[in-house]
Amino acid sequence: MGNLIRMDLYRMRKARSFKVCLFLAFCVALVSTPLLRLLFSLGELLGAEVDLFPKQALLSDLIKGQPGSLGVMLSLISLSSFFYADVENGYVKNIAGQMPKKGFTVFSKYLSSIPHMLVFMLVSLIGSLIGTVLVQKIVVDSAILDALRVFVLRLLLIESLCAILLLFVAVIQSKSLGTTYAVLAGMGLLSVVYYGIDTGLDKIFTKKDFEVANYMPDTILQESNPPTVKALVVSAIFICLFLWLSVRIFDKKDVK
């Protein structure tokens, strides 16, 4: 199992999609604050009534905001390509045949997604720090520990999205479905789906007092300060459920 994980990490590190998406995530984080500063300047030149661009930025806010929606989307697209690589290249059957259980190959991919996402988050943070220091003074404030809490929660929430992505790509073996999910989940565009689910549930339960979207990882990920207990519980449920389903289904299916 350890050799399989090391092989997956090596393949991921060498993948062109990983390098391209990581570079784009860095660039997006790098230009975000300077671009915002430019928009403020254009507004002032055009005579629009806009607030003054703040001269300082809190380090805690920069840590909490990583990665942004585009960064999440790019990281999931990269991961979708990685999950599908052995199917696309035709050697998934050889790898699975060497394992005591075929599902180990799926489990290994998921474990490899953890350092993958951590690298994307750290690179986005570095890009954001460099871009911000060009136009603002970064202030080290007292909320760093809370920012690290949010950073870890965001990593867990993204990992729950990875578990869903794993089922779509590695088990169902649909790269197009995985890429579509990566874009919609990363950009927080699944609200239409959740609205449809709520509409259906309203017809079944007349006194339903909750909305599905409030308990979905991609929705909680959009919050600037996600509640700890809620984020932990939702992440644990989605990771355990979809990872179990992926391993279970892959163990029982014929590998082509």
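Predicted model: local features only at pLDDT ≥ 70, side-chain atom pairs only at ≥ 80, totals over all residues.
Student: Got it. How many helices and strands does the chain have?

Tutor: There are 11 helices and 2 strands. Starting at the N terminus, the order is α-α-β-α-α-α-α-β-α-α-α-α-α.

Student: And what share of the chain counts as buried?

Tutor: Of its 256 residues, 43% are buried. Taking contacts between residues at least 6 apart, 82% of them join residues at least 24 apart.

Student: Back to K64, then. Is K64 buried or exposed?

Tutor: The cut-off for buried is under 20% relative accessible area. K64 comes out at 18%, so it counts as buried. Beyond its neighbours within four places in sequence, K64 contacts D146, A147, V150, R154 and S224.

Student: Could we try a case further from the cut-off? Where is F120?

Tutor: F120 belongs to helix α6. Its relative accessible area is 1%, so F120 is buried. Leaving out residues up to four places away in sequence, F120 touches F18, C21, L22, A25, G71, L74, S75 and S78.

Student: Which residues are buried in α2?

Tutor: In α2, the buried ones are F18, C21, L22, A25, A29, T33 and G43. Notice F18, C21, L22 and A25 turning up again as contacts of F120.

Student: How do I read the span of α2 against what is expected?

Tutor: Compare the end-to-end C-alpha distance with the length at 1.5 Å a residue. For the 30 residues of α2, the span is 42 Å, close to the expected 44 Å. The helix does bend, though: a kink of about 35° lies at S32, shortly before the proline P34.

Student: Is S246 buried or exposed?

Tutor: S246 has 0% relative accessible area, so this residue is buried too. S246 is part of helix α11, residues 228–252. Its contacts, aside from neighbours within four places in sequence, are V106, A163, L166, L167 and V171.

Student: How about empty space?

Tutor: Rolling a probe the size of a water molecule over the atoms shows where space is left empty. In this model, the largest pocket has a volume of about 260 Å³. It has 17 lining residues, of which A29, S32, G65, Q66 and S128 are the closest to its centre. The elements giving two or more residues to that lining are α2, β1, α3, α4 and α6.

Student: Which element gives the largest share of that lining?

Tutor: That's α2, with 5 residues. By class, the lining of the largest pocket has 7 nonpolar, 9 polar and 1 charged.

Student: What is the volume of the second largest pocket?

Tutor: About 160 Å³. Residues lining the second largest pocket include K64, V72, R154 and S224. Its lining divides into 3 nonpolar, 6 polar and 3 charged residues. And there's a link to where we began: R154 and S224 are also among the contacts of K64.

Definitions and conventions. Residues numbered from 1 in each chain as written. Heavy atoms only, no water. 1 Å grid on protein atoms, 1.4 Å probe; cavity = no way out; pocket = protein on both sides within 12 Å on 5 of 7 lines; lining within 4 Å. Points joined across faces, edges and corners; volume = space filled by probe spheres on them. Helix = DSSP H or I, 4+ residues; strand = E, 2+ residues; numbered from the N terminus. Nonpolar A, V, L, I, M, F, W, Y, C, P; charged D, E, K, R; others polar. Buried < 20%, exposed > 50% of the residue type's maximum accessible area, 1.4 Å probe, protein only. Contact = heavy atoms within 4.5 Å. Expected span 1.5 Å × (residues − 1). Bend = angle between axes of the 7 residues up to and from the residue.
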